[in-house]
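Let's walk through this structure together, from the whole chain down to a single residue. Take a moment to turn the model around before reading on.

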Amino acid sequence: MHVVKFGGTSVASAKNIGLVRDIVKKKSASQNVVVVVSALGGITNKLVQLGEIALEGHDARPLLQEIEKAHFDVCDTLIDSSNVEEVKAMVIKHIKRLSEIIQGVKLIGELSSKVQDKITSTGERLSSYIISEYFKQAVSTQLVDPANFILTDENYGNANVDYKTTFSQIKDQLGKLEGVAVCPGFLAKSASGEVTTLGRGGSDFTAALIAAGVGS
């Protein structure tokens, strides 16, 4: 199994995502591939800004709309017309949930690290879903959720990984995968089921964990 990670400029535009698919399709012809992806270019910074705007009591709707549009634009370019509305509906669902969280921050006037993880992890959730749907148009692909196999403590924002459990779960859940699996980087889950993140640059860490886990 080959584990690859794409972030930054690699997923900054629809054109670049197309190039990524070409690379993955070629690799998958001879081996199974796990593709770890970051949020679309610039989205994580916008998500951080969302929390700050809400905490200051300002209107976050314009930035939410900007984030939604960025994902819609990628969908319109990459996703087949027969499926694009379904994919956009999922984007809307994530944006609505994000809006509810942001509204809660604004009302309470508090932005904890725990809530910040819920906000920032949305970027990888969205990008991985769109990219997996795009990949499906050319190669057998499934979307996997790192929250199902990367276990951490509750040090929100920079969680510490339970390596023993994580490696065991990765081997069980990913070791027998066939074809291509797309996995959002950066995010994980605590023992109590809360969303956690692995720190900035955490998608690289996700890929390293998966590579070590499937090889253990």
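**From the whole chain to one residue**

Of the chain's 216 residues, 48% count as buried, a word used here for under 20% relative accessible area, with exposed meaning over 50% and partly exposed in between (1.4 Å probe, protein chains only). What you see is a predicted model, where local features need pLDDT of at least 70, side-chain atom pairs count only at pLDDT 80 or more, and totals for chains, interfaces and linings use all residues. Residues are numbered from 1 along each chain as its sequence is written, and side-chain values use heavy atoms, leaving out hydrogens and water.

Now look for the helices and strands: the chain holds 8 helices and 7 strands. Both are DSSP runs numbered from the N terminus, with helices being H or I of at least four residues and strands E of at least two.

H6 is mostly covered, with 13 of its 14 residues buried.

Next, find Ser28 in helix H1, which covers residues 14-28. Is Ser28 buried or exposed? Ser28 is buried because its relative accessible area is 18%. Setting aside neighbours within four places in sequence, Ser28 is in contact (heavy atoms within 4.5 Å) with Val33, Val139 and Val180. Ser28 and His2 are 26 residues apart in sequence, and their C-alpha atoms are 8.6 Å apart in space.
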